Amino acid sequence: MQDRPATTTLQNTIEEAIVSGILSARIRPGTRLSENQLAGLFGVSRTRVREAMMRLEARCIVHVSPRRGWFVVEPSAEEAMMVYGARRVIEAGLLRSMQVLSDAGRAAIRGHLAEEKAAMDAGDRQRLTCLMGDFHIRIAELAGNPVLTEILRDLTARTILISMLYQSDFHALQSHLGHRRIADAMESGDFAKAAELSVEHLDEVETGLDLTQRPDPLSELRSSLSLPPRSVPSPDGGTKTKSTTTKGE
């Protein structure tokens, strides 16, 4: 039993590596997560990997398919609406519960917004995807409730998976401006206004989703064979190409 703390740390490392990969859009919906490969990468047994996967399954990040293994979830349109609904409740509630923004908190938010702007200017979409999601997690950290911070981290990861499946365009500037408005309200001490703005921001992002699209079960093989993305019917009766670009949040 002496090695239990080290084993627990490794399991946590596996979980956090997968969640971080999703938050930065490096791991896509439907990605297969091999127990053998993860065991080799982290130097643990398959049993330990399986324990980590089961914990991620409880967090709705992965699911197991009989005789096929573990896969990153591909949220349905119904799940997408529920995730956004949950985020509205949690983020607005967190902001309304705040009383003051410390100087350190003010500096953290301004520094984060500067990083978003720099990533936009550099055209670094992967970095920007990570930053866009991390903005909301930072607010939860500033609210000082680690339980809700962890819940929001998981919801944000699921939101990014949703964006990769259902968002056709990259609305980085729109999301950045939404973040700036929230930050301005927080800095002025109007947390009720910040809560309203956070709901408006999430409404805008959800409105940008095309929930009529369905995940392409052959997307990974299609990409491997260098075939063009799947075309899906558009509302005007034509067709449009399903985007595979990483998204804003």
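Which residues have the most contacts inside the largest nonpolar core? In this predicted model, local features need pLDDT of at least 70 and side-chain atom pairs count only at pLDDT 80 or more, while totals for chains, interfaces and linings use all residues. Residues are numbered from 1 along each chain as its sequence is written, and side-chain values use heavy atoms, with hydrogens and water left out.

The largest nonpolar core has 25 residues, and those with the most contacts inside it are Ile-14, Ile-18, Ile-22, Leu-33, Val-49, Met-53 and Leu-56. A nonpolar core here is a set of buried Ala, Val, Leu, Ile, Met, Phe, Trp, Tyr and Cys residues joined through side-chain atoms within 4.5 Å, where buried means under 20% relative accessible area with a 1.4 Å probe, protein chains only. Two or more residues of this core come from each of helix 1 (4-23), helix 2 (35-42), helix 3 (46-58), strand 3 (69-72) and helix 7 (146-166); helices (H or I, at least four residues) and strands (E, at least two) are DSSP runs, numbered from the N terminus. Helix 1 gives the most, with five residues.

Leaving aside its neighbours within four places in sequence, Leu-33 is in contact (heavy atoms within 4.5 Å) with Ile-18, Leu-38, Met-53, Val-62, Trp-70 and Val-72. Leu-33 also stands opposite Trp-70 in strand 3, and strand 1 (residues 32-33) pairs with strand 3 in the antiparallel sense over two bridges, pairing being counted if DSSP finds at least two bridges between two strands. Strand 2 (residues 62-65) likewise runs antiparallel to strand 3, joined by four bridges, and Ser-65 stands opposite Gly-69. In the hairpin of strand 2 and strand 3, with three residues between the strands, Arg-67 takes a positive phi near 65 degrees.

Two helix pairs remain to be described. The axes of helix 5 (residues 103-122) and helix 6 (residues 125-143), lines fitted to C-alpha atoms over the stretch in contact, with angles from 0 to 180 degrees between N-to-C directions, come within 9 Å and cross at roughly 170 degrees. Helix 5 is therefore roughly antiparallel to helix 6, a term for angles over 145 degrees. Among the residues that meet are Ile-109 and Leu-113 in helix 5 and Leu-131 and Phe-135 in helix 6.

The axes of helix 8 (residues 172-187) and helix 9 (residues 191-207) come within 8 Å and also cross at roughly 170 degrees, so helix 8 is roughly antiparallel to helix 9.

Notes: Parallel < 35°, antiparallel > 145°, perpendicular 65-115°, else oblique. Buried < 20%, exposed > 50% of the residue type's maximum accessible area, 1.4 Å probe, protein only.
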